[in-house]
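Visitor: Hey, I've got a structure open here. Can you walk me through it?

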Amino acid sequence: MPAQPQYYADYLALENILQAQHPVSYQPGNDPAHDEMLFIIIHQAYELWFKQILHEVASVAGILEQPAINDNSPELQTIVHRLQRVNTIMKVLVQQMDIMETMTPMDFLDFRDLLRPASGFQSWQFKVLEARLGLPFEQRHGQHYYTSALRPEYVAMVKDAENKPTLLQLLNNWLERIPFFEQASLWQDMTAPTDAMAAPAGKFWEAYRQLLVQSLSEAEQGNLQVFDNVMGFEDSLSLNRLLSPKASRAALFIMLYRGYPLLQLPFQVMNAVLELDEQLSSWRYRHMNMVHRMIGSRIGTGGSTGKDYLKGAADKHYIFKDFAQLTSFLIERKHLPILPKSVEQRLRFGE
């Protein structure tokens with residue numbers, strides 16, 4: 001029996017989508033505000049893009065949740081591709097502010113009071129996204145009211161997302177599984193001072209640490225103690241990091257030797273999440289500046305402090321900052337320790 005034909009409008013459910021805009025100012029008893037339609041459509045577009053981003057992040061998390069990932073399989077490339085798609089979508093979300101800003105503050109005032117207490121602060125999808133990426137409740141700005149304006153079913157969705165493995169946790173687990181640091185035989189030809197750190201790759205890190213010391217200026221000497229803590233060589237500082245020392249060592253090694261075939265895709269994965277943090281920051285700051293332009297220092301329609309809340313979140317909500325901090329420990333490529341042949345061979349495909 002032939003399949004039923006698909007029609008464009010039916011496939012996209014356009015009847016539902018195009019009938020989903022209901023400006024409050026056009027209801028009886030109110031003065032119609034022309035720009036309210038623009039305001040609604042832009043925010044609906046944001047929520048659709050948030051849905052797509054969550055779809056991509058969930059797929060990446062599903063791959064990373066596997067007990068093992070074959071570096072010769074398409075899986076890492078799929079992760080990179082989908083994270084890059086998320087970053088491209090985030091760029092579109094930033095650019096959409098240009099459309100929003102064709103509405104003047106006076107245009108917004110025509111209908112602003114009709115919105116209360118509705119607010120972009122009530123976007124449960126964005127809160128779920130932050131949680132799925134790895135923003136812990138303890139590090140949220142405005143913890144006491146970030147779900148206070150949500151319906152109970154949406155609060156439950158956010159809490160459920162907070163209880164699932166985050167993208168940051170899954171990346172940490174994946175980095176910890178990188179095998180060559182645990183195989184002492186690969187590093188037996190590594191030359192380093194006799195007081196090298198604990199095997200198996202301790203000789204490499206001792207040699208690298210000495211080169212890092214030589215690269216630091218007098219004002220940067222404090223970086224050395226942070227390096228020892230981040231890498232797990234000392235426990236004297238409380239760094240409040242979500243990336244473990246073992247994962248941090250693997251991530252830094254990947255950054256340093258990303259030119260080797262086996263490390264190219266892992267480096268692209270880390271680069272993609274660093275770009276994601278950057279794009280999220282750009283979106284938050286662009287949103288903050290737009291809000292300041294529209295309402296100045298007034299309270300947001302959802303009851304938040306408006307610009308001040310958005311600035312606090314923008315300054316604090318860097319999810320992958322542990323990866324970014326590792327760049328403090330890079331040295332020039334020409335000074336990198338020469339790897340043992342056995343390690344080099346492991347870093348090349350097909351050998």
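This is a predicted model: local features need pLDDT of at least 70, side-chain atom pairs count only at pLDDT 80 or more; totals for chains, interfaces and linings use all residues.

Visitor: OK, how many helices and strands does the chain have?

Guide: 15 helices and 0 strands. Those are DSSP runs numbered from the N terminus, with helices being H or I of at least four residues and strands E of at least two.

Visitor: And what share of the residues is buried?

Guide: Of the 351 residues, 43% count as buried. Buried means under 20% relative accessible area, exposed over 50%, and partly exposed in between (1.4 Å probe, protein chains only).

Visitor: Which residues touch the most other members of the largest nonpolar core?

Guide: Leu175, Trp187, Tyr208, Phe253, Phe320 and Phe323, out of 101 residues in that core. Helix H12 (residues 261-295) gives the most to this core, 15 residues. By nonpolar core I mean a set of buried Ala, Val, Leu, Ile, Met, Phe, Trp, Tyr and Cys residues joined through side-chain atoms within 4.5 Å.

Visitor: Switching topic: why is helix H6 largely enclosed?

Guide: Helix H6 (residues 124-133) has 9 of its 10 residues buried, so the rest of the structure largely encloses it. Among the buried ones are Phe126, Lys127, Glu130 and Arg132.

Visitor: What do the buried residues of H6 pack against?

Guide: Helix H3 (36-64), helix H7 (152-162), helix H8 (167-176) and H12. Contact here means heavy atoms within 4.5 Å. Just after H6, Gly134 takes a positive phi of about 135°.

Visitor: Back to H12. Is Arg284 buried or exposed?

Guide: Arg284, which sits in H12, is buried, at a relative accessible area of 6%.

Visitor: What does the Arg284 side chain make a polar contact with?

Guide: The side chain of Glu130, at 2.7 Å. A polar contact is a pair of N or O atoms within 3.5 Å; within protein, one must be able to donate a hydrogen and the other to accept it, and residues adjacent in sequence count only if both atoms are side-chain atoms. Leaving aside neighbours within four places in sequence, the contacts of Arg284 include Phe126, Ala313 and His317.

Visitor: Last one: where is His34?

Guide: In the loop between helix H2 (14-18) and H3. His34 counts as exposed, at 64% relative accessibility.

Methods
Residues are numbered from 1 along each chain as its sequence is written. Side-chain values use heavy atoms; hydrogens and water are left out.
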